[in-house]
Amino acid sequence: MSEKREGKEKIMYKEMIISIILVILIFVGDFVTQKYTDNSINSFNEELQNLKNFLIEENQEEAEAQIEKAEKSWESIQNKMAYYIEHNELEKVETNLAEARSLTKSGNFDFAISALDKTDYVLEHINEKYTFSLENIF
């Protein structure tokens, strides 16, 4: 009987070790993705702020060049975030950028700035939604 008990204890020990490793991997993965999300959103917000400045100055050529740069930057960010963030959240940003692009081309700078403000709001929402906290767990 003691051999059976020792065998069960070894199995339980292995299961406990595997469970601990999985929990650690989950926390590390969450930390890495959250860090990437924070850094990416902050750098993208800086690009959007530069774009807003060109729109406020009504500098259409620079604004169009900056929005093209922002769209390329967002495409790169989106490709990585798509692994762990809902696609519809990411598509909202893309939709707002497309709206800002068309409004910039038509010379409606105030409405383009409004579209960029919506983009800022969505990015802030994404960042808050996927931040590890007790509120998000329960």
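Reader: Leaving aside neighbours within four places in sequence, which residues is Asn96 in contact with?

Author: Contact means heavy atoms within 4.5 Å. By that rule Asn96 touches Ala115, Lys118, Thr119 and Val122. This is a predicted model: local features need pLDDT of at least 70, side-chain atom pairs count only at pLDDT 80 or more, and totals for chains, interfaces and linings use all residues. Residues are numbered from 1 along each chain as its sequence is written, and side-chain values use heavy atoms, with hydrogens and water left out.

Reader: Is Asn96 buried or exposed?

Author: Buried means under 20% relative accessible area, exposed over 50%, partly exposed in between (1.4 Å probe, protein chains only). Asn96 has 9%, so it is buried. Of the 138 residues of the protein chain, 28% count as buried.

Reader: Which helix holds Asn96?

Author: Helices are DSSP runs (H or I, at least four residues), and strands are E runs of at least two, numbered from the N terminus. Asn96 sits in helix α3, residues 87–105. The protein chain has 5 helices and 0 strands.

Reader: How many aromatic pairs does a search of the whole structure find?

Author: Rings of Phe, Tyr and Trp (its six-membered ring) pair if their centres lie within 6.5 Å; planes under 30 degrees apart count as stacked, over 60 as edge-to-face and the rest as tilted. The search finds 1 pair. The ring centres of Phe44 and Trp74 are 5.3 Å apart and the planes meet at 45°, so the pair is tilted. Phe44 lies in helix α1 (residues 2–56) and Trp74 in helix α2 (residues 60–81), so the pair ties together parts 30 residues apart in sequence. Both Phe44 and Trp74 are buried.
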